[in-house]
Amino acid sequence: AAGFLSTVFERRALLPGVLILLVNIGFGCITSFITLYGQEQGIYQVSVYFIVYAVVTLATRPMIGRLVDRHGFRTPGILSCLGTVLTLVLISMSHDVFMLTLAGVVAGLGIGTAMTVFQTMAVASVEPWRRGVATSTYFVAFDVGIAIGSLVGGGIADALGYSAMYLIISAFPLIACAICAKATAKRG
């Protein structure tokens, strides 16, 4: 059983997996509920959030590799988690398309960067012949985070509303920030 487990799971990719899982709890809430939240707030151009998020992510991704090469994982990891927290807080306060657009910009810098930084961390944590398994471990955590976000976020939104849900869910990437800061303190 242990031999089979090592072929599908890389324990050295656990840290970046946990970090992206926590970030993606927020991402899952955004992708699952932002349209409903927009309707509740009378914002019908919610697609602007996703367009801006995609453009900012696309524009900044080429720079993330250089940033990691120059500064290690600590600074970009912490900043991306904080950007995710800020994204969720901004969405929770959004009452117009301008606020959602601003949240999309911050999400591109936060969530978009986190995805790249933590995947790079997973791949860099292993020998070349284990990169596939490390990537698989990372993406399993990635998907589990989205699933948890959708499930937990739905329960919170049902009980307290969407605005409160986004605010409460921002605690998860904040926890990721603390874990990243502690785990990368000596490694860089």
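T113 is found in helix 5. The model is a predicted one. T113 has a relative accessibility of 6%. The cut-off for buried is under 20%, so T113 counts as buried.

What does T113 touch, once residues up to four places away in sequence are set aside? The partners are I64, P76, S80 and G108. One of them, I64, falls within the numbering of helix 3, which covers residues 47–71.

A103 is then in contact with Y49, T87, L90 and I91. A103 and I91 are 12 residues apart along the chain. Their C-alpha atoms are separated by 6.1 Å.

## Overall fold

The protein chain has eight helices and zero strands. From the N terminus on, the order is α-α-α-α-α-α-α-α.

The chain has 188 residues. A compact globule with 188 residues would have a radius of gyration near 16 Å. The protein chain has 17 Å, which agrees. Along its principal axes, the C-alpha trace spans about 50 × 40 × 25 Å.

## Packing and surface

How much of the chain is buried? Buried residues make up 46% of the 188 residues.

The protein chain exposes about 9,000 Å². Carbon and sulfur atoms supply 70% of that area. The chain carries 11 positive and 7 negative charges.

## The salt-bridge network

How many salt bridges does a search of the whole structure find? It finds three. They link E10, R12, E127 and R130 in a network.

Start with E10. Its side chain meets that of R12 in a salt bridge, at 2.8 Å from N to O. R12 has a relative accessible area of 30%, so R12 is partly exposed. E10 has 4% relative accessibility, so E10 counts as buried.

The side chain of E10 also meets that of R130, again at 2.8 Å from N to O. R130 has a relative accessible area of 16%, so R130 is buried.

The side chains of E127 and R12 meet in a salt bridge too, at 2.8 Å from N to O. E127 lies in the loop between helix 5 and helix 6, and R12 in the loop between helix 1 and helix 2, so this pair ties together parts that are 115 residues apart in sequence. E127 has 27% relative accessibility, so E127 counts as partly exposed.

Within it, E10 and R130 are buried, whereas R12 and E127 are partly exposed.

Is P62 buried or exposed? At 56% relative accessibility, P62 counts as exposed. P62 has its place in helix 3 (residues 47–71). F139 is 77 residues away from P62 in sequence. In space, the two C-alpha atoms are 20 Å apart.

The relative accessible area of A159 is 61%, so A159 is exposed. A159 and I34 are 125 residues apart in sequence. From C-alpha to C-alpha they are 17 Å apart in space.

Note on methods
Residues numbered from 1 in each chain as written. Predicted model: local features only at pLDDT ≥ 70, side-chain atom pairs only at ≥ 80, totals over all residues. Heavy atoms only, no water. Helix = DSSP H or I, 4+ residues; strand = E, 2+ residues; numbered from the N terminus. Rg over C-alpha atoms; globule rule 2.2 N^0.38 Å. Buried < 20%, exposed > 50% of the residue type's maximum accessible area, 1.4 Å probe, protein only. Areas by Shrake-Rupley, 256 points an atom, 1.4 Å probe, with all protein chains shown as cover. Lys, Arg positive; Asp, Glu negative; His and termini not counted. Charge placed at Lys NZ, Arg CZ, Asp CG, Glu CD. Salt bridge = Lys/Arg side-chain N within 4 Å of Asp/Glu carboxyl O. Contact = heavy atoms within 4.5 Å.
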